[in-house]
Amino acid sequence: MKLEQLPLGPLGTNCYVIKEDQRALIVDPGGEADKLIRMIERRELQPVAILLTHAHFDHIGALDEIRDHFNIEVYMHEEEQNWLMDPEKNGSALFGMVTSSITARKAEHFIDKGTMEVEGFLFEIRYTPGHSPGSISFVFHEAGYAVVGDTLFAGGIGRTDLPGGNMETLLSSIKTQLMDLPDDMEICPGHGNMTTVEEERKNNPFLN
């Protein structure tokens with residue numbers, strides 16, 4: 001099960017395309033739908049679903065274009081179900097210098113912690129609030145990587161000054177839900193380069 005990272009939109013938000021044979025899961029479609037569609041069609045992939053780590057505007061800008069183009073459904077945590085339709089809650093109304101107001105239709109599926117299977121893709125969902133109240137991380141144990149959204153970055157952590165953010169909750173999520181993963185587990189963040197659990201446990205200044 002291979003993973004490809006594609007930075008998209010004005011904030012360079014990482015979209016991840018997880019591939020098994022020619023089927024694909026899309027995690028956080030970000031912005032620039034045309035760029036993502038071109039990449040998927042160039043590789044002759046067949047997307048089966050969209051997963052959202054959370055519903056901030058830079059992760060959902062291309063959501064409706066992608067779901068309509070490929071006729072696929074969206075999975076996210078119930079805590080942020082109303083954020084897709086609300087520019088105040090998804091943050092786009094607060095970043096007028098960067099983007100216009102962004103909205104998307106309601107997700108088809110709400111998901112919570114535990115093991116899940118979507119169209120043959122097996123993964124674990126871990127509830128990792130703090131950056132936002134409905135943040136979740138997708139752990140692909142067999143493949144050895146975890147897509148964590150804006151919870152944890154290489155050498156940093158997600159901001160907590162946006163609506164619903166909480167530093168104490170974020171640090172607890174990272175320490176209890178991500179740092180117990182194997183040392184060599186790759187961490188795939190919402191921005192910037194990938195890292196590992198071991199690297200962040202030893203060198204991330206927010207965790208030491």
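**Close-up 1. R159 and D161 form a salt bridge.** R159 is partly exposed, at 40% relative accessible area. Partly exposed means a value between the cut-offs for buried (under 20%) and exposed (over 50%), with a 1.4 Å probe and protein chains only. D161 counts as exposed, at 56% relative accessibility. The side chains of R159 and D161 meet at 2.7 Å, N to O. A salt bridge here is a side-chain nitrogen of Lys or Arg within 4 Å of a carboxyl oxygen of Asp or Glu. A search of the whole structure finds 11 salt bridges.

The model is predicted: local features need pLDDT of at least 70, side-chain atom pairs count only at pLDDT 80 or more, and totals for chains, interfaces and linings use all residues. Residues are numbered from 1 along each chain as its sequence is written, and side-chain values use heavy atoms, with hydrogens and water left out.

**Close-up 2. A network of salt bridges links D64, R67, D68, R105 and E108.** D64 and R105 meet through their side chains in a salt bridge of 3.8 Å, N to O. This pair links distant parts of the chain, 41 residues apart. D64 sits in helix 3, and R105 in the loop between helix 4 (87-90) and strand 6 (109-111). Helices (H or I, at least four residues) and strands (E, at least two) are DSSP runs, numbered from the N terminus. R105 also forms a salt bridge with D68, the closest N and O atoms being 2.8 Å apart. D68 lies in helix 3 and R105 in the loop between helix 4 and strand 6, so this pair ties together parts that are 37 residues apart in sequence. How accessible are the residues of these two pairs, D64, D68 and R105? D64 counts as buried, at 19% relative accessibility. D68 is partly exposed, with a relative accessible area of 48%. R105 is also partly exposed, at 40%.

**Close-up 3. Helix 3 (residues 63-70) has buried residues on one side.** The buried residues are L63, D64, I66, R67 and F70. They cover an arc of only 165° around the axis, which puts them on the same side of helix 3. The arc is that of the directions from the helix axis to the C-beta atoms. What do the buried residues of helix 3 pack against? Their partners are strand 3 (23-27), helix 1 (33-42), strand 4 (46-51), helix 2 (57-60) and strand 5 (73-77). Contact means heavy atoms within 4.5 Å. Just after helix 3, N71 takes a positive phi of about 55°.

**Close-up 4. E44 takes a positive phi in a loop.** The loop lies between helix 1 and strand 4. E44 is not a glycine, yet its phi is positive, at about 55°. E44 counts as exposed, at 64% relative accessibility.

**Close-up 5. Strand 7 and strand 8 form a hairpin.** Strand 7 (residues 114-118) and strand 8 run antiparallel and are joined by 5 bridges. Two strands pair if DSSP finds at least two bridges between them. V118 has F121 of strand 8 as its bridge partner. The hairpin has 2 residues between the strands. E119 is found in this loop between strand 7 and strand 8. E119 has a positive phi of about 50° although it is not a glycine. E119 is exposed, with a relative accessible area of 53%.

**Close-up 6. Strand 8 pairs with strand 9.** The pairing with strand 9 is antiparallel, over 4 bridges. E124 has V139 of strand 9 as its bridge partner. In a regular strand the side chains alternate between the two faces of the sheet.

**Close-up 7. S137 is a buried residue of strand 9.** Strand 9 spans residues 136-140. The relative accessible area of S137 is 0%. Not counting residues up to four places away in sequence, S137 touches E124, I125, R126, T128, V147, V148, T151 and L178.
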